[in-house]
Every structure is written in C-alpha cells, then in structure tokens.
Amino acid sequence: MRVRSLTLAAAGAVVLVPALCAAADPDPTAPAVGEGTVRAADLLAKVRDCVPVSKGRYRTDEGTRAEIPVCGAPGVVFWKADMDIDCDGRPGALCNRRTDPLFSAATAYRQSDGRYLSAETLPYVVVPAPSSLWNHRDHGIRGGSVVAVIYRDRVQYAVVGDTGPRHIIGEASYATAKALGIGADPRHGGTASGVTYIAFKDSRVQPIEDHAAALAEGERLARLFLRDG
C-alpha cells in the first residue's frame, strides 16, 4: 500500500499523459491481447455504465479530488481509475527499501506458506480498507478474489492481495503493471488514468499465489459475466 502525494502524481502525469492521449480505443474486432482469450473491448462494453455501490467517491492520490465511484453490475464490482505501483511484500531485487521509499515488507494477505506476497512476481490489486464509504467485504470481495484489470487493449487477471488507505483507489502490484505494459518503477511508474478494475464477487483463488489458477478462474468468470451480466 502506498500514498502518493499530489506532487508525485502530477510529475508522473506529465510523462504519461501524451502516451494516453495517443492511445486509440480498443478495436472490437481485434483478437485478445494479454492473458486469456477474453477481449478488453468486450469487458469494457459491459462496464460502460456505472451504478454506484459506494456511498461516495474515492481519490486517486492524496490531494486530488474525490471523483471515483465503485460501481456494481451482476456478479461484479468495478472502478475506473489510475494505477499506482504497489511494491510491498516480500523483498526482492526490484521491490525493496532501496528501490521504493514507501516500501513495506508486509501485505494485507499472505501466501499459503505464511510469507507475504511478492509484488514482483504476483499480479495483485489493492482495494481500499473498509470504511463507511465502501466495504469490499460486503460485496463478496476479499483476499484472493479475482480481478480482471484492463488497460487499453490488454487484460490481466490478478487477485486482491493488499489493502490501502480508506479514501484512495487505483493501485496494483509491480507484476500487474508490467504485464499490462505500464511502467512498473515504484518511484516514477504507473499511469494517471485509463485503468479499469473488474472484481468478481464471491470468487477466491487458493492458494492466493497460484497465478495459473487466477487466470483460469478469471477467464471462466469473465465469460460468464459477458454471457449473463
């Protein structure tokens, strides 16, 4: 979990906005990019409209306006935000106190052997800690829940692996960002907007570190959502 200041977020936006502006909307006829065979365009079409389930809106970073609602649809909750880079958990060559000034060696959830998760290797998403604004547990979201993370034309499946500040949303692990083609450096990486997070209610991967299981379950749930949602 990290809390980026407005200054840091703005500095990142200066670098990232030109790239975002140049990006085209996903081609609905294009083959799937990223993990699995479900296309980003198909998932995005299902979450075009927002029915808020949160009692208010979240900030993307400290000092920014609260503009992001958590939305609901059959079988899922979703939000459209930025992506800050979470490098917390088990230290490695890429995520440690030298590379990340906000590094924490702990995550909210642990893997099956009792160790904390590895942000370097495990695609995971950070959800806001429960509050009067929104409690993810009330919507069937918990540690190990499957999340489809979409950026441009890419889909990456991840699990809920950490919790963050009660008023901020839009954060995922180093591994998630890298897989989506987003700069994963914990100091200067991330993207200022354009990321959609679709969390599947009452889903759970056990053990939480089994990414192959997250991919298989994510594909299954995504197809059900497209069919029935």
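Student: How many salt bridges does a search of the whole structure find?

Tutor: Keep in mind that this is a predicted model. The search finds five salt bridges. To read one, look for a Lys or Arg side-chain nitrogen within 4 Å of an Asp or Glu carboxyl oxygen. Take Asp42 and Arg39: their side chains meet with N and O 3.0 Å apart.

Student: Are Asp42 and Arg39 buried, exposed or partly exposed?

Tutor: Asp42 has a relative accessible area of 27%, so we call it partly exposed. Arg39, at 22%, is partly exposed too.

Student: Which residue does Glu217 pair with?

Tutor: Glu217 bridges to Arg220, and their closest N and O atoms are 2.8 Å apart. Both sit in helix α4 (residues 211-228), three residues apart, which is about one turn of the helix. Glu217 is partly exposed at 21%, and Arg220 is partly exposed at 43%.

Student: And what about Arg65 and Glu67?

Tutor: Their side chains also form a salt bridge, at 3.8 Å from N to O. Here Arg65 is exposed, with 65% relative accessible area, while Glu67 is partly exposed at 44%.

Student: Now, how do I spot empty space?

Tutor: Roll a probe the size of a water molecule over the atoms, and you see where empty space is left.

Student: Which residues line the largest cavity?

Tutor: Among them are Asp84, Pro165, Ile168 and Glu171. Strand β4 (residues 124-128) gives the largest share of the lining, three residues. By type, the lining divides into six nonpolar, two polar and two charged residues.

Conventions. Residues are numbered from 1 along each chain as its sequence is written. This is a predicted model: local features need pLDDT of at least 70, side-chain atom pairs count only at pLDDT 80 or more; totals for chains, interfaces and linings use all residues. Side-chain values use heavy atoms; hydrogens and water are left out. On a 1 Å grid over the protein atoms alone, a cavity is a set of points where a 1.4 Å probe fits but cannot get out, and a pocket is an open set with protein on both sides within 12 Å along at least five of seven lines; lining residues have an atom within 4 Å of a point. Helices (H or I, at least four residues) and strands (E, at least two) are DSSP runs, numbered from the N terminus. Ala, Val, Leu, Ile, Met, Phe, Trp, Tyr, Cys and Pro count as nonpolar, Asp, Glu, Lys and Arg as charged, and the others, Gly among them, as polar. Buried means under 20% relative accessible area, exposed over 50%, partly exposed in between (1.4 Å probe, protein chains only).
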